[in-house]
Amino acid sequence: MTSQADAQRDLIAYLDFHVEAGVDAALDETPHDRFREAETPAPPAGMPTRSRPEAQAPARDGLQRGDLPPRGHAAAPVRPAASRTYGQSASAKPEEAAIDARARARDANSLAELEALLAGFDACPLKFTAKNLAFADGNPESRLMFIGEAPGADEDRIGKPFMGRSGQLLDRMMAAIGLDRSSAYVANVVPWRPPGNREPTIQELAICRPFLERQIELVDPDIIVCLGSPATKAITGTKDGILKARGRFYPYKLPHREVRALATLHPAYLLRQPVQKRLSWRDFRLLRAALDGKA
Ligand code: URA
């Protein structure tokens, strides 16, 4: 017979195993019958798939990362607000949540309105495991917008993008070409921290995407810098890995004009692979030249 002490030890070993695997948040207090939920395509909320490169122990740049649907993919017919019954909670189906997100994002006439809409948007499961919405940092009047992947622990705690080690490196990279956060606007493809720093799922990316697109429209930058693979894939639609995609400008369509998006490496990847900073340096010099009207 198993003694209580054995059961306790097994339980602790089980929890240790999950902590080592990167699980640092309990998402639900009640059990779920996953077989009955099988018609919902999303993976069980909060069960980490693969850890993101970011934060304290960046591990990889997500080069093989699952893609976002190409631009415009989520542009499904928008139901009038009055008929919206979905999207009121994270249990909404992801595709309905994405449609709801698109309808809501369109309603935002300013960044402050968009941030408030996001703060009240309950259809992305990431919201319920994050401490804070990390909507943006920097200068919304800037001609330049950096887009990363997702908040890490520091960003989640502070409620702003790029506050941790990656953010410090980003600041140094910007300083190297004469920029700082007063001369750029900074955001992420998803504004809530995925639990355990796992990658955002395709569903989460699709749900958050309309808000990101509206955020870009409202900032109206001349140049977008995509930091890492998820941002590059989301903004440019490329299927190429980041090492192939980086160092080039891609067209990005705003409602009234076309601007340029530069793909480059994510600072978290550079923290792990400092030798690749030489590639970033090339990209940042290209960025400087573009800002100066020379590229
Ligand atoms: N990495 C990101 O992609 N975004 C952040 O805000 C922080 C780290």
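Tutor: Gladly. Two strands count as paired if DSSP finds at least two bridges between them. With that in hand, 6 strands form an open sheet in the order E1-E3-E2-E4-E6-E5, with mixed pairing. Keep in mind that this is a predicted model.

Student: What makes E1 and E5 the edges of the sheet?

Tutor: Strand E1 (137–138) and strand E5 (249–253) each have a single partner strand, so one side of each is left without a neighbour in the sheet.

Student: How do you know that E2 pairs with E4?

Tutor: Set the count against the cut-off of at least two bridges. E2 and strand E4 (residues 223–227) are joined by 4 bridges and run parallel, so they pass as a pair under the rule of at least two. Within this pairing, methionine 145 stands opposite isoleucine 224, and isoleucine 147 stands opposite cysteine 226.

Student: Which strand does E2 pair with over another 4 bridges, in the parallel sense?

Tutor: That is strand E3 (residues 185–188). Here methionine 145 stands opposite tyrosine 185.

Student: And what links E4 to E6?

Tutor: E4 and E6 pair in the parallel sense over 5 bridges. Isoleucine 224 has alanine 261 in E6 as its bridge partner.

Student: Why is E2 called largely enclosed?

Tutor: A residue is buried when its relative accessible area is under 20%. In strand E2 (residues 144–148), 5 of the 5 residues are buried, so the strand is largely enclosed by the rest of the structure. Leu144, Phe146 and Gly148 point one way, Met145 and Ile147 point the other way, and all are buried.

Student: How many residues of E4 are buried?

Tutor: In E4, 5 of its 5 residues are buried, and the strand is mostly covered. Ile223, Val225 and Leu227 point one way, while Ile224 and Cys226 point the other way.

Student: Is alanine 116 buried or exposed?

Tutor: Alanine 116, in helix H3, has 51% relative accessibility and therefore counts as exposed, since the cut-off for exposed is over 50%. Its C-alpha atom is separated by 9.8 Å from that of phenylalanine 135, 19 residues apart along the chain.

Student: Why are H2 and H6 called roughly parallel?

Tutor: The axes of helix H2 (residues 94–107) and helix H6 (residues 202–219) come within 8 Å and cross at roughly 10°. Angles under 35 degrees count as roughly parallel, and H2 and H6 are therefore roughly parallel to each other.

Student: Which residues of H2 and H6 meet?

Tutor: Among them are Ala97, Ala101 and Arg104 in H2, and Ala206, Phe211 and Glu213 in H6. The residues of this contact divide into 9 nonpolar, 1 polar and 5 charged.

Student: What makes a group of residues a nonpolar core?

Tutor: Its members are buried nonpolar residues joined through side-chain atoms within 4.5 Å. The largest such core has 39 residues, of which Ile147, Trp192, Ile216, Ile224 and Ile235 touch the most other members. Among the elements that each supply at least two residues of this core are H2, E2, E3 and E4. H6 gives the most, with 7 residues.

Student: What is tryptophan 192 in contact with, leaving aside its neighbours within four places in sequence?

Tutor: Its contacts include Leu118, Phe121, Leu133, Pro151 and Cys208.

Student: Where does H7 lie?

Tutor: H7 lies across E2, E4, E5 and E6, running at about 140° to E4.

Student: And how many helices and strands does the protein chain have?

Tutor: There are 10 helices and 6 strands. Buried residues make up 49% of the 295 residues in the chain. Of the contacts with a separation of 6 or more, 73% are between residues 24 or more positions apart.

How values were computed. Residues are numbered from 1 along each chain as its sequence is written. This is a predicted model: local features need pLDDT of at least 70, side-chain atom pairs count only at pLDDT 80 or more; totals for chains, interfaces and linings use all residues. Side-chain values use heavy atoms; hydrogens and water are left out. Buried means under 20% relative accessible area, exposed over 50%, partly exposed in between (1.4 Å probe, protein chains only). Axes are lines fitted to C-alpha atoms, for helices over the stretch in contact, and angles run from 0 to 180 degrees between N-to-C directions. Angles under 35 degrees count as roughly parallel, over 145 as roughly antiparallel, 65 to 115 as roughly perpendicular and the rest as oblique. Contact means heavy atoms within 4.5 Å. Ala, Val, Leu, Ile, Met, Phe, Trp, Tyr, Cys and Pro count as nonpolar, Asp, Glu, Lys and Arg as charged, and the others, Gly among them, as polar.
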